[in-house]
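Subject: Structure handover

Hello,

Here is the structure you are taking over. My notes on what was found in it follow below.

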Amino acid sequence: MKCHVPGANVKVLGRTVHALARFGDELYLESLPDCILLRTLNAAESAYAMVKFNKSFFSYFNYNYFSTEDNEGLKCKISMKSALNTFKSPTHMDKQVENLEIKLDPESCKLIFQLKCKHGIVKTHYISILDCKAMQAVYTKDLVPNRITSPQRILSEALGNFQSSDDQVTLEATTQSLVLRNYLDTNLDLLKIIRTQISLKPAEFDSYTIGEETTITFTLKEFKALLAFAEALNLPLQLHFETTGRPAVFIVHNGTTFEAHFVLATSKADNATQATSTQNTTRTKRKDSSVQDSARKKPHLATDISKCLDEDSHLFNFIDIPENNSINVENNGPFKSSVNGAANQLEIENNNLNDIMDCDNIPGSPTSKTMIKSVFKRCFESTFDPRAIHGVVLAENSDSE
Amino acid sequence: MKFRSVMIDAGPMREFANIVTTISKLSKECVLRIAEDKLYFIVSDDNNAPAPPILWCEIPQTMFFSEYQMVGLDDDHKDIYLGFGAANLARSLVTLKSAKSLKMKLTKKQCPCLTLEIEMPSSTSQQTRHVTHDIPVVVIPRKMWADFHEPKTPEPDISIELPPLKQLRTTIDRMRTMASEVVLRASAEGRLTLQIKTDMAKVSTRFKDLRVEAFGGPIDHSDSETETQVNEDTSRVCYCRVDTKKLSIFLSADQISHNRTVCSIVHKRLVILCLQTEENVKLQCFISGIVY
């Protein structure tokens, strides 16, 4: 694959890489006969982003430059850091860079970015390819009941009211208004946190369709990143979402040359919001809490299973992690048709849940600080029952003595 | 206990946000005393809480609020005392500069909260949006009210009007990088001297022709190591050594549009800085002197 990106579009590509860098640490690039896809997934697997650049985005596009036989499409995985290095300052890029050439040779182990700058300066970045697999998430964006098109500034202005320490936001969509709240972790001290709520009227948005009133909670970090992306490119943002637990899809596109999908896992807001009061609600959060959850749920699986099926957000219900830690994603047949009936969906999640239960290798430790805090905090809660965790060894003694 | 108030004018809202921001710089925690005619912000020393306040700010409610209703604890104790993080309030009020109105009330939502309802204009349409912040507060029990009474200060030996705070602030901020203590010296002739000493240098900045508001009579210098300037009558000069940092933080109050600031000095013991605005807000800061 070889393609040329004209100077003006290099800025767009740079913005894209910067937005994706706020999501994940690895960048997947896939070249298809008529477009290039960039994808990333965050460590907790709760946020995914895909940006598609059509042929028309490029001044020159040759998918079959290295005349490969297979029509599969070239795929590669590179580290986000190296991609960021190539696009250091997207704001000034369009002024300095005249042309960018991207080359991907199936035989080579490097992805080549060649920046042709003003005054005949040529910068070439050889980026090591970590893997040649692609990754894809399944989500629906078309057949969802709730769609909002928002001018880029409205939501970022609204988020300006939140404290910088807030990490999740709850969005309550009704036909009358859209309410944004900071999500309160029940483990944090209520006496120290400001609860903020912003109510926006439907008239502020370009279009506003709520077919099914719902409340969803998702992370602010990625949300801010995608808002910044929409704002930088001066494009409106489309929100497509269903209900709690189903992924919310944010779309930014300019109609012709590129389309960006940002998918965030949503979770149920428990009751510790402005409206009501509870201290000890259980909460199934982002998937990075799966260690804790599986441990907790094992002893009384039968009773809890339906509940956790309701709550769990399985955004990436087909990822298996092989020994070498690279993400190998297979698109299993039934999952391809992503618009399943509710029953079918439950069954899939059921399978997936059992996978987690049976799995010998326990998924990686939670990365988020608040999660770590919450793991230990539970031991001090009044509802803590030591019997519930009896016999479950999350980490064995490393030293036999 | 009930409290409900509404602010609709842009000017007072901006002032209010500035005052709260200044207070949040001075201290982590602050106390809001709600009385019938005034709001008081009170800051005690962070380290030793039951000490006399170091900051005392009075805001007359009629100048700021278009609506103001409150019911105190009972008929004998008509006030409400609330404790909260000053930064929490300051950060919630950041958007107040562009707001249309602010409603402030005391609510109970899981815990006592000071609820701020800010009505913001939308940048894109005629619509307004409503932002609600619930700031958790602690209702201070009556037996602790005594800790937050207006401090009784000794009669100052001299009260002198300060030069423009911006000027003074740049001076102090320079001095702050060099020394942790500064000597404030005021004379009845309207001279104010700021002086620091380091191993390497002695730096002093003099302001003259300042208006002296009051002078309490001859100062007794008999026990001190005062250095005199040649032609100065020492009995008409008093001084106090204070923490540079504390002085500098107070001077950040120059954000509040004030019409005068007065510095009162109790010889060697206390500096009282008092800032007054057109709206009759009085912000007083008490900095105790350092004595060797």
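A residue is called buried here when its relative accessible area is under 20%. Please keep in mind that this is a predicted model.

By that cut-off, helix H1(B) is mostly covered, with 12 of its 17 residues buried. The buried residues include Pro12(B), Met13(B), Phe16(B), Ile19(B), Val20(B) and Ile23(B). The length of the helix agrees with expectation: at 1.5 Å a residue, the 17 residues of H1(B), residues 10–26, should span 24 Å, and the end C-alpha atoms are 25 Å apart.

Chain A overall

Chain A contains 10 helices and 20 strands. Of its 401 residues, 51% count as buried. Taking the contacts in chain A between residues at least 6 apart in sequence, 68% join residues at least 24 apart.

The interface of chains A and B

How many residues of each chain are in contact with the other chain? The count is 24 residues of chain A and 22 residues of chain B. The area buried between the two chains is about 2100 Å², and carbon and sulfur atoms give 45% of that area. Three residues, Ile194(A), Arg195(A) and Glu204(A), supply 27% of what chain A buries against chain B, more than any other three residues.

Eight residue pairs are in polar contact between chain A and chain B, counting pairs with both residues at pLDDT 80 or more. On the side of chain A that touches chain B, the elements giving two or more residues are helix H4 (152–159) and strand E13 (195–200) of chain A. E13(A) gives the most, with six residues. By type, the residues of that side divide into 10 nonpolar, nine polar and five charged.

Two salt bridges are found across the interface of chain A and chain B. In the salt bridge between Arg129(B) and Glu157(A), the closest N and O atoms are 3.1 Å apart. Both of these residues belong to a network of salt bridges that also links Arg153(A) and Glu204(A).

Over all chains, the count comes to 20 salt bridges. One of them joins Arg246(A) and Glu242(A), with 3.8 Å between the closest N and O atoms. Glu242(A) is buried, at a relative accessible area of 16%.

In chain B, Arg241(B) forms a salt bridge with Glu181(B), and here the closest N and O atoms are 4.0 Å apart. This pair links distant parts of the chain: Arg241(B) is in strand E16 (residues 237–243) and Glu181(B) in strand E12 (residues 181–187), 60 residues apart. Arg241(B) counts as partly exposed because its relative accessibility is 21%, and Glu181(B) counts as partly exposed at 22%.

Arg236(B) and Glu189(B) also meet in a salt bridge, at 2.7 Å from N to O. Arg236(B) lies in the loop between strand E15 (212–215) and E16 of chain B, and Glu189(B) in the loop between E12 and strand E13 (192–197) of chain B, so the pair ties together parts that are 47 residues apart in sequence. Arg236(B) is partly exposed at 31% relative accessibility, and Glu189(B) is partly exposed at 42%.

Thr86(A) is found in helix H2 (residues 80–86) of chain A. Its relative accessible area is 3%, so Thr86(A) is buried. The side chain of Thr86(A) reaches the backbone oxygen of Ser82(A) at 3.1 Å. Neighbours within four places in sequence aside, Thr86(A) is in contact with Met93(A), Phe113(A), Leu115(A), His125(A) and Ile127(A).

Ser248(B) has its place in helix H5 (residues 244–251) of chain B. Is Ser248(B) buried or exposed? Ser248(B) counts as buried, because its relative accessibility is 5%. What does its side chain meet in a polar contact? The partner is the side chain of Asp173(B), at 2.9 Å. Asp173(B) is also among the contacts of Ser248(B) once neighbours within four places in sequence are left aside, together with Ile172(B) and Arg176(B).

Regards

Methods. Residues are numbered from 1 along each chain as its sequence is written. Chains are lettered from A and ligands numbered from 1 in the order in which they are written. This is a predicted model: local features need pLDDT of at least 70, side-chain atom pairs count only at pLDDT 80 or more; totals for chains, interfaces and linings use all residues. Side-chain values use heavy atoms; hydrogens and water are left out. Helices (H or I, at least four residues) and strands (E, at least two) are DSSP runs, numbered from the N terminus. The expected span of a helix is 1.5 Å times one less than its number of residues. Buried means under 20% relative accessible area, exposed over 50%, partly exposed in between (1.4 Å probe, protein chains only). Contact means heavy atoms within 4.5 Å. Buried area is the accessible area (1.4 Å probe) that two parts lose on being put together, summed over both. A salt bridge is a side-chain nitrogen of Lys or Arg within 4 Å of a carboxyl oxygen of Asp or Glu. A polar contact is a pair of N or O atoms within 3.5 Å; within protein, one must be able to donate a hydrogen and the other to accept it, and residues adjacent in sequence count only if both atoms are side-chain atoms. Ala, Val, Leu, Ile, Met, Phe, Trp, Tyr, Cys and Pro count as nonpolar, Asp, Glu, Lys and Arg as charged, and the others, Gly among them, as polar.
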